[in-house]
Amino acid sequence: MSEEFKDKFEKFNPEESSIAVKSSIKSSPIAMTLIALGTVFVLYQFFGAGLTFLLFGGLSEGNVQGFRFMTMLSQFLFIFVPTLFFAKWQEVNYREIFKLKTPRLFEILLAIVGTLSLQSIAQVYLYVQDMLFPIQKLSPIFETLRKMMERTYSILISAKSPLEFIFVAIVVALTPAICEELLFRGLVQYNLSKASNYKLGFIITGVIFAMYHANPFSFIPLIALGVYFGYLVYKSGSIFLAMTAHFVNNFTAAYFYYAFG
């Protein structure tokens, strides 16, 4: 063993090396964003989905309650917990990252009205999109994929009683409003804004939010929603407005399906 190599070997400290890696991630908002998103994607999409299918097999009306429970559990275990873990690495506290400011009532009402308006615009857009680019004529594969996604979602949000609908609302509206907003409008938007500027930060976050949902048929409306949620946080300094808007968007979609089919 050469003296130079021996000297480096003796000086090597795994603990110091680990600290150096953490420090480099802390100092790079882009690295933090990529690592956090990659970790959450793998955990939620592979471990969460894999565990669900391992326990219940394919989704059906007979095992839908188990799927709902696992969907909710996976969001907390594989989105909420990792988000807090990575936020702990940051050089500022949770309040700064997640914008834990109490919004005013007027701001909440404006956020709700804006969300409902954006929903209406999105419905018109989707109708026009389907008229101009009918999926069934583009490719049989796309049409099959869309029908499969619609069937899966319809089973998840179908409810036969008010009590069952409450559970559906918790799974598809309340849970994502908390977990996804802490990840995207909290951790991701904070770091992307730090790497560029506040406006570009919430716009890029909105695009990533749409990509994360992996729904090519609603990609543009999802971008619009994601950017709007980010804008609410940017203007108000409160993530609770984005959570409220996210909840209202998902809840109204689930409620109209429950009430009208």
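## Basis of the model

Residues are numbered from 1 along each chain as its sequence is written, and side-chain values rest on heavy atoms, with hydrogens and water left out. Because the model is predicted, local features need pLDDT of at least 70 and side-chain atom pairs count only at pLDDT 80 or more, whereas totals for chains, interfaces and linings use all residues.

The chain has a mean pLDDT of 89, and 89% of its residues reach 70 or more; pLDDT is the predictor's confidence in each residue, from 0 to 100. Over residues 16-21 the pLDDT is below 50, and this stretch has 1 contact in the model beyond near neighbours in sequence. Contact here means heavy atoms within 4.5 Å. Where pLDDT is low, the predicted coordinates should not be read in detail.

## Overall architecture

The chain contains 12 helices and 0 strands. Helices (H or I, at least four residues) and strands (E, at least two) are DSSP runs, numbered from the N terminus. Of the 261 residues in the chain, 40% are buried. Buried means under 20% relative accessible area, exposed means over 50%, and partly exposed lies in between, with a 1.4 Å probe and protein chains only. Among contacts with a separation of 6 or more, 74% join residues 24 or more positions apart.

## Annotated transmembrane regions

The unreviewed UniProt entry carries the annotation "transmembrane region" for residues 30-55, 67-87, 108-128, 165-188, 200-233 and 239-260. UniProt positions are given in the numbering used here, feature names are shortened, and annotations may be inferred rather than shown by experiment.

In the model, residues 108-128 are 100% helix and 0% strand, with end C-alpha atoms 30 Å apart. Residues 239-260 are likewise 100% helix and 0% strand, and their end C-alpha atoms lie 32 Å apart.

## The α10 and α11 pair

Helix α10 (residues 198-212) and helix α11 (residues 219-236) have axes that come within 7 Å and cross at roughly 145°. Axes are lines fitted to C-alpha atoms, for helices over the stretch in contact, and angles run from 0 to 180 degrees between N-to-C directions. The crossing is right-handed; a crossing is left-handed if the near helix is turned anticlockwise from the far one by less than a right angle, and right-handed if clockwise.

On the α10 side, the contact involves Y198, K199, F202, I203, G206, V207, F209, A210 and M211. These meet F219, L222, I223, G226, V227, F229, G230, Y231 and Y234 in α11. By class, the contact has 14 nonpolar, 3 polar and 1 charged residues. Ala, Val, Leu, Ile, Met, Phe, Trp, Tyr, Cys and Pro count as nonpolar, Asp, Glu, Lys and Arg as charged, and the others, Gly among them, as polar.

F219 lies in helix α11 and counts as partly exposed because its relative accessibility is 29%. Leaving aside neighbours within four places in sequence, F219 is in contact with A210 and M211.

## Residues of helix α6

T115 is found in helix α6 (residues 105-132) and is buried, with a relative accessible area of 0%. Not counting residues up to four places away in sequence, T115 touches Y228, A245, V248 and N249.

E107 also lies in helix α6 and counts as buried at 15% relative accessibility. Beyond neighbours within four places in sequence, E107 is in contact with S236 and L241. E107 and L241 are 134 residues apart in sequence, while their C-alpha atoms are 7.5 Å apart.

## Residues in loops

L59 is found in the loop between α3 (29-56) and α4 (64-89) and is buried, with a relative accessible area of 14%. Leaving aside neighbours within four places in sequence, L59 is in contact with F53, V64, F67, R151, T152, I155 and L156. L59 and I155 are 96 residues apart in sequence and 8.1 Å apart from C-alpha to C-alpha.

Most residues other than glycine have a negative phi. K99, which is not a glycine, has a positive phi of about 55°; K99 is placed in the loop between α5 (94-98) and α6 and counts as partly exposed at 21% relative accessibility. A214, also not a glycine, has a positive phi of about 50°. A214 is placed in the loop between α10 and α11 and is exposed, with a relative accessible area of 54%.
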